[in-house]
Amino acid sequence: MSKIGNIPVNAQAGKKRTNPLAGVFDELVQFCQSRSMFMLHYCTGCGAIELPPAMTSRFDMERLGIQPMVTPRQADILLVTGYVSVKTLKRVILTYEQMQSPKYVIGICSCTVNGGMYWQSYATAKVLNEYLPVDVYIAGCMPRPEAVIEGMRRLMRNIEEGKGHAWKDYFQRYDYYLGNQQHLFGDDWQTPTDIIGEARHYGLETEQTYGEHTRILEQHQQPLEPHKMRIKF
Amino acid sequence: MNCEEINLWLDTLLAEIEEIEVTRKSERRVRVDVPASSLPALLELLKGKASYVHLSAISCVDWPDDEEFELVYHCWSYEAKSLLSAHTRIPRNSAQEFAHYVSVYDIYKPAAFFERDIYEMYGIYFESSPYMEKFILTEWNGPPPMRKDFDAEQYVNDTFNWADYHPQWLQELEEDGGGIAVRPEDIRL
């Protein structure tokens, strides 16, 4: 198999692919994707308290195909449920970068939108989509489970219509997001995930992937080493 | 010795010490105002002789007009069933980076926790306290944020951006002469 390599698909620029079934298949994939979502809820603030009723028997999110998942590596949606302090934001970004594409971020509560009632605090990050690409915001302080489910349905609709592309934006404009992260965390900020490498892998690198901030990252970047295992008795 | 007797004994004892001012707020609360130089001696006495074995908190108040920090040591006694709060005031040292005071870690071990917290939030350096590294605000490089002269609002406006939100329904309201009476950005500035 390895001798064959990739089969080139010849398609003229600006024209649809010649295979008439390709679009059908995409739609099927999008439909399936939107009906099977695993959600990682990063419970940072008060909004988390609305999720147990939304997930369990009363409002029953599972009928929409949304289930909670315990690890970022097997989740599709990252729910950020409330204010994000600068310290927490680091962890949210690490969590987000570990998720597999396609991945979606939902910001719940007013705090993720614009600081909310903590707008005056020195410790909280205000606008979440400066640091992560957010698909849907659910405003409210706190939003009721109905609103949470409505937001989920909006996301499902976006995915079904092929509009849920915010995760691509993170690769395409990585320099912008990295710049905002460096503004808060300092120039030596580095995550264990190679975003530029991933952008290359997905074929999503653009001119805006690189910039002054990625150059700063390259200067400060330290090679990653595996943790040493030590067993203590 | 029952708890009333202990309290009576303590009141008599404290009344004999010079320089300190004792106010019994209620049956189970005593306030002691003590000069900074004799606070450790008072705590030593309270713990060693008067059963106040539990330091439940050290709190700090900033008095920028008086150029002073007020430190309050809350001590519990399980025998006397009462809370003693020892108030002391230390100079604020606005010109220098840190105010200084002495640690009571050698008397009460939990003091290390509270002193590290106060050092981080108010910038009071406690001599001989075991850990003075960053504690909760590990990402913070600015001035101690709980000081009154730290302007959080100014800091936020300098550091963060605000999302612009001007939806269609609000524009329609404004065209009819309505809208938000005081806009959020007007409150901020």
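Predicted model: local features only at pLDDT ≥ 70, side-chain atom pairs only at ≥ 80, totals over all residues.

Modeller: Chain A splits into domain 1, residues 21-164, and domain 2, residues 165-220. Taken over C-alpha atoms, the centres of these two domains of chain A are 22 Å apart. Where they meet, domain 1 of chain A contributes 20 residues and domain 2 of chain A contributes 14.

On the domain 1 side of chain A, two elements each supply at least two of the residues that touch domain 2: α3 (86-98) and β5 (104-108). Of the elements on that side, α3(A) gives the most, with 7 residues. By residue type, the side of domain 1 that touches domain 2 in chain A consists of 11 nonpolar, 3 polar and 6 charged residues.

The nonpolar part of the picture continues into the core. The largest nonpolar core has 48 residues, and those touching the most other members are Ile77(A), Leu78(A), Val80(A), Val105(A), Ile106(A) and Leu132(A). Helix α5 of chain A, residues 145-160, provides the largest share of this core, 6 residues. Because domain 1 (21-164) and domain 2 (165-220) of chain A both give residues to the core, it lies between them.

Leaving aside residues up to four places away in sequence, Val105(A) touches Leu78(A), Val80(A), Tyr96(A), Leu132(A), Pro133(A), Val134(A), Asp135(A) and Ala166(A). There is also a second, separate core, of 32 residues, whose members include Tyr52(B), Ile118(B), Ile124(B) and Phe126(B).

Helix α3 of chain A comes up again at the contact between the chains. That contact takes 12 residues from chain A and 12 residues from chain B. On the chain A side, α3 and α4 (110-114) each supply at least two of the residues that touch chain B. The chain A residues on this side divide into 6 nonpolar, 3 polar and 3 charged.

As for confidence, the model scores ipTM 0.78 and pTM 0.82. For chain B, the mean pLDDT is 86, with 95% of the residues at 70 or more.

Technical notes. Residues numbered from 1 in each chain as written. Chains lettered and ligands numbered in written order. Domains from an automatic or database assignment. Contact = placed C-beta atoms within 7 Å. Helix = DSSP H or I, 4+ residues; strand = E, 2+ residues; numbered from the N terminus. Nonpolar A, V, L, I, M, F, W, Y, C, P; charged D, E, K, R; others polar. pLDDT = per-residue confidence, 0-100. Core = buried A, V, L, I, M, F, W, Y, C linked by C-beta atoms within 7 Å. Buried ≥ 20, exposed ≤ 12 C-beta atoms within 10 Å, placed from the backbone.
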